[in-house]
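Work through the exercises below in order, and try each task before you read its solution. Keep the sequence and the 3D view open beside you.

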Amino acid sequence: MIALNKEKISIEKEQDVVFFRQRLKEHAVKIGMSVLNQTKLITAASELVRNMLKYGGGGEITIEVVNEKMQVGVRVIFADKGPGIPDISKAMQDGYSTGKSLGLGLPGAKRLVNEFDIKSTVGVGTTVSIVRWKNGF
C-alpha cells in the first residue's frame, strides 16, 4: 500500500473531534468517494476517535490517501498512549465493554470499513488502523 499524502492531527479534547471529522471528509471527497462510503468511513472513525479520547486520554491520528492494486482509499491510524487493551479478542465481541456503553464500538467500526487492524500493549497504548476504499463495498 502506498501513501499518496499524509496529515497528522493531535486529539486532546472533544473539540478536536469536529476538526478531525471535517479533515477526514475533505480527504474522502477529494478522491471522489461516494457519500455512502464517506458515511461509513466517518462513522467508524468517529467511534474510534471517541474511544481514543475516553479510554486512551487522546492521541494522534494520521489520515492518508492510499493506493493499492489500482484502488484508491483513505487510511486512518489512531494511536494513543493509554492503558492498552488486555484482551483484544474480547474487546472485538459485540456487547463487551469496560465502560458504560453498549460495547458495539470496535466491532461496529470494523464492519464499516474494508480493512481493520488493532494492536495494543497493556501500559503502552493502542493503535487502530482502518481503510475504506473509494469503491469498496
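Predicted model: local features only at pLDDT ≥ 70, side-chain atom pairs only at ≥ 80, totals over all residues.

**Exercise 1.** Describe the order of helices and strands, and then the overall dimensions.

Solution. Begin with the count, which is 4 helices and 5 strands, taken as DSSP runs (H or I, at least four residues, for helices; E, at least two, for strands) and numbered from the N terminus. Read along the sequence, these elements follow the pattern β-α-α-β-β-α-α-β-β. Next, the C-alpha trace spans about 40 × 25 × 25 Å along its principal axes. Finally, the radius of gyration of the protein chain is 14 Å, which agrees with the value near 14 Å for a compact globule of 137 residues; the radius is taken over C-alpha atoms, and the globule rule is 2.2 Å times the number of residues to the power 0.38.

**Exercise 2.** Find the aromatic pair and classify its geometry.

Solution. The structure holds 1 aromatic pair. The ring centres of F20 and F78 are 6.0 Å apart and the planes stand at 75°, so the pair is edge-to-face (centres within 6.5 Å make a pair; planes under 30 degrees apart count as stacked, over 60 as edge-to-face and the rest as tilted). Because F20 lies in helix α1 (residues 14–30) and F78 in strand β3 (residues 71–80), the pair ties together parts that are 58 residues apart in sequence. Both F20 and F78 are buried, a term that means under 20% relative accessible area, with exposed over 50% and partly exposed in between (1.4 Å probe, protein chains only).

**Exercise 3.** Is V66 buried or exposed, and which residues does V66 touch?

Solution. First locate V66 in strand β2 (residues 59–68). V66 has 0% relative accessibility and therefore counts as buried. Leaving out residues up to four places away in sequence, V66 touches several residues, including M1, L4, V74, V131 and W133, where contact means heavy atoms within 4.5 Å. V66 and V131 are 65 residues apart in sequence, yet 8.6 Å apart in space, C-alpha to C-alpha.

Conventions. Residues numbered from 1 in each chain as written. Heavy atoms only, no water.
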